[in-house]
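Let's take a walk through this model together, starting with one chain and ending where two chains meet. Have the viewer open as you read.

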Protein chains: 2
Amino acid sequence: MAVDRDHVLRSAAALLTRRSTATMDEVAKAAGISRATLHRQFAGRDALVRALEALGIAECEAALEAARPDEGPAGDAVRRLVAGIEPHAPLLAFLYTENQLFEGEEQNAGWARIDDRIAALFRRGQASGEFRIDLTPAWLTEALYGLLASAAWAVAEGRVAPKDFTHMIVELLLGGVRRPDTAPQRKES
Amino acid sequence: MAVDRDHVLRSAAALLTRRSTATMDEVAKAAGISRATLHRQFAGRDALVRALEALGIAECEAALEAARPDEGPAGDAVRRLVAGIEPHAPLLAFLYTENQLFEGEEQNAGWARIDDRIAALFRRGQASGEFRIDLTPAWLTEALYGLLASAAWAVAEGRVAPKDFTHMIVELLLGGVRRPDTAPQRKES
DNA sequence: CTCACATGAGACATCAGTGTCTCATTGCGG
DNA sequence: CCGCAATGAGACACTGATGTCTCATGTGAG
């Protein structure tokens, strides 16, 4: 009976990640169902996007859970987190831009929860002395989202090898571009 | 006679940065002109976006020029570049997501030029030993765009103080989050 | 086998945005 | 003062997407 709702969501995610303006008809075709059935599952395009948002939030929270952000060095936890999010990065990238659309309306509370947990991870790293303290946790959280989205697109467009995804993000985020062992580092950072 | 075309473009940029789906009517109102006049200036919405793209490219190239990317330490050049782009970051952020829409169609060649010059800057830093070489110039370029867009949104939403814009981006990009070991390089503040 | 229910296909009205048009008004230079 | 050009206001048709509806089909459970 029920069309595999999860399958519909996932194909919609895959399609919308590439063509964020895809029509309901295209979404239905991509899922291998008719537009009527798609409409029976999701009241409208808005409902579909909300469902995708819920899916993205759930996957983020699962990844957050699996990353054990409170264990071990914060840097390692960040790496585990990015690695766990990697499979869902395209969906996240879609939602990231889509969220810019929701300007006025209320955001799903799930994002706030996730933001808080990620920010807490960075804060923990700062408290332990592992991370520098001149970059605010809020900014680091935002930057992580931005890097995830950038990397997802770069991979989608073939500018970055898929296997390098986690490495590129984590190394840039944690270590930065500057070579640590460069001899004279007189720069006050 | 001619409505100040530049003024129209800039108010359109300001509006579309916040509401990327704003209607032509809203764009016209934001510029203080009628929809008819807006239409006389730009054949259609597409032409308007293209004009904004051209504006963004021009501003990027101007910033690139002003940053003197071939002079001095690459890190300093990156800082000059980000500082120069800062005023135009909202427009860039808009174009960055809008570009995801142009998937199939040909990209404006201007972006390729800019990509090349930025990538060349990173490559120069790598060649001089200033930057690490395990992060590809293409990825660093992409990441820079992502960070610029993230920061622009974070500032727009009040999550980051406008005055911290350049510092947050440059420090994260160059130095990363991880605190440099205090023992070997002691940096007295 | 038969019934029930989900689905696919498609018709249909609706709506929003767009692009084009006309016409009156305004403002400016000759 | 007159005429010209640009503008503003609005009507209009067109398009594309959406949401709702009906009906035929098919498949699975009893």
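What pattern does chain A follow, read along the sequence? The answer is α-α-α-α-α-α-α-α-α, and the secondary structure of chain A comes to 9 helices and 0 strands.

Some ground rules before going on. This is a predicted model, in which local features need pLDDT of at least 70 and side-chain atom pairs count only at pLDDT 80 or more, while totals for chains, interfaces and linings use all residues. Residues are numbered from 1 along each chain as its sequence is written, chains are lettered from A and ligands numbered from 1 in the order in which they are written, and side-chain values use heavy atoms, with hydrogens and water left out.

How far can you trust chain A? Its mean pLDDT (the predictor's confidence in each residue, from 0 to 100) is 90, and 90% of its residues reach 70 or more. Confidence in chain A is highest in helix 5 (residues 74–85), at a mean of 97, and lowest in helix 6 (residues 89–99), at 90. Over residues 182–189 of chain A, though, the pLDDT is below 50; beyond near neighbours in sequence, that stretch still has 15 contacts in the model, a contact being heavy atoms within 4.5 Å.

Of the 189 residues in chain A, 49% are buried. Buried means under 20% relative accessible area, exposed means over 50%, and partly exposed is in between (1.4 Å probe, protein chains only). Take Thr166(A), found in helix 9 (residues 165–175) of chain A: it has a relative accessible area of 12%, so it counts as buried. Leaving aside neighbours within four places in sequence, Thr166(A) is in contact with Arg79(A), Val82(A), Ala83(A), Glu86(A) and Glu171(A).

Over in chain B, helix 6 is mostly covered, with 10 of its 11 residues buried. Chain B also has some salt bridges to look at (a side-chain nitrogen of Lys or Arg within 4 Å of a carboxyl oxygen of Asp or Glu). One of them joins Glu171(B) and Arg79(B), at 2.8 Å from N to O. That pair links distant parts of the chain, helix 9 and helix 5 of chain B, 92 residues apart. Glu171(B) is buried at 2% relative accessibility, whereas Arg79(B) is partly exposed at 24%. Another bridge, Asp6(B) to Arg10(B) at 2.9 Å, is local: the two are 4 residues apart in helix 1 (residues 5–18) of chain B, so about one helical turn separates them.

Now for the interface. Chain B and chain A bury about 4600 Å² between them, 58% of it on carbon and sulfur atoms; buried area is the accessible area (1.4 Å probe) that two parts lose on being put together, summed over both. In chain B, Arg132(B), Trp139(B) and Val177(B) lose the most area to chain A, together 16% of what that side buries. In terms of contacts, 47 residues of chain B touch 48 residues of chain A. There are 4 salt bridges between the chains, and the side chains of Glu142(B) and Arg159(A) meet in a salt bridge at 2.9 Å, N to O.
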